[in-house]
Amino acid sequence: MKNLKYSSQSAAFILIVLGFIAVINYLSTKAFFRVDMTENRVYSISNASKSFLKKLDDIVRIEVYFSKDLPPHLKKLETDVRDLLSEYQAFAGKNLRISYEDPAKDEETKNKVRGLGIPEIQMQTFEKDKAQVSNGFLGIAVLYNAKKEVLPVVQDLRNFEYDLTMAIMKAFNSSMPKIGILKTDTSAYLPEDVARRMRIDARDKTEEKYKPVYEGLRSYYQVQTIDISEGQQIPSDITTLIVPGGDDPSFTDRD
């Protein structure tokens with residue numbers, strides 16, 4: 001009788017444990033969370049990236065082309081990239097498909113990867129106090145329908161999330177967001193032929209002054225100089241307005 005009693009208790013305990021596991025599995029399908037315990041939260045992605053990934057309503061493909069035989073110092077980079085991409089996958093769900101392929105497996109794959117805009121690079125490693133150079137790939141392609149965006153060489157993680165999220169946005173969105181930069185050159189407009197005769201540079205001084213800002217933003221956005229010096233309205237399709245040099249005395253109260 002004792003054996004029967006113990007067997008019944010064991011069976012009941014097993015059923016309770018199985019039920020507990022089933023509940024956890026069910027809840028895990030309804031809600032996703034991770035805990036990043038690293039000091040600088042290197043395996044966490046920003047709320048902006050999470051929000052965008054959750055809104056994907058069609059399939060975007062991420063093709064990772066990393067060589068299999070990477071030098072030791074790049075092995076950790078590859079592991080970190082995989083970990084971050086698993087975060088992307090978790091928040092995008094079935095609308096993000098990630099694949100990994102070694103381009104060095106055959107010449108046809110190498111040519112395909114080069115055609116995507118991912119170059120074969122030289123990588124240096126040290127073995128037995130000797131420097132050795134090998135060739136390999138460290139690129140990622142983001143594909144959506146007929147559009148593609150490429151990260152040709154992934155060298156570190158400092159800007160990786162930003163670059164990857166922007167690549168997905170550029171491939172997925174039909175149009176690039178518009179950013180306006182408020183015109184700070186308030187001099188009167190002169191026709192180019194008049195300015196030439198007067199030996200005056202007719203180019204907009206705002207774009208010249210903030211040239212690095214324009215060049216950097218144009219990689220990801222449509223950038224337009226916004227002139228409100230004569231009471232013009234800011235175009236409604238400008239999603240963000242940058243006001244450079246906020247303490248510039250040439251700005252009026254209306255500006």
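Reader: In which strand does Ile62 lie?

Author: This is a predicted model, in which local features need pLDDT of at least 70, side-chain atom pairs count only at pLDDT 80 or more, and totals for chains, interfaces and linings use all residues. Residues are numbered from 1 along each chain as its sequence is written, and side-chain values use heavy atoms, with hydrogens and water left out. Strands (E, at least two residues) and helices (H or I, at least four) are DSSP runs numbered from the N terminus. By this assignment, Ile62 belongs to strand S1.

Reader: Is Ile62 buried or exposed?

Author: A residue is buried under 20% relative accessible area, exposed over 50% and partly exposed in between, with a 1.4 Å probe and protein chains only. The relative accessibility of Ile62 is 0%, and therefore Ile62 counts as buried.

Reader: Which residues does Ile62 touch, not counting residues up to four places away in sequence?

Author: Contact means heavy atoms within 4.5 Å. Among the residues that Ile62 touches are Leu85, Ile140 and Val142. The list also includes Leu96, Ile98, Leu164 and Ile168.

Reader: In what order do the 4 strands of the open sheet stand?

Author: Two strands pair if DSSP finds at least two bridges between them. S1 and S2 run parallel and are joined by 6 bridges, and the pairing in the sheet is mixed. Strands S2 (96-101) and S6 (147-151) each have a single partner strand, so they stand at the edges. The order is S2-S1-S5-S6.

Reader: What is the bridge partner of Glu63 in S2?

Author: Strand S1 covers residues 60-66 and is joined to S2 by bridges. For Glu63, the bridge partner in S2 is Ser99.

Reader: Which strands does helix H4 lie across?

Author: Helix H4 spans residues 107-116 and runs at about 120° to S1. Angles run from 0 to 180 degrees between N-to-C directions, and axes are lines fitted to C-alpha atoms, for helices over the stretch in contact. The strands that H4 lies across are S1, S2, S5 and S6.

Reader: At what angle do helices H2 and H5 pack, and why is H2 roughly parallel to H5?

Author: Helix H2 (residues 47-54) and helix H5 (residues 160-172) have axes 11 Å apart and pack at an angle of about 30°. That makes H2 roughly parallel to H5, because angles under 35 degrees count as roughly parallel, over 145 as roughly antiparallel, 65 to 115 as roughly perpendicular and the rest as oblique. The angle asked for is about 30°.
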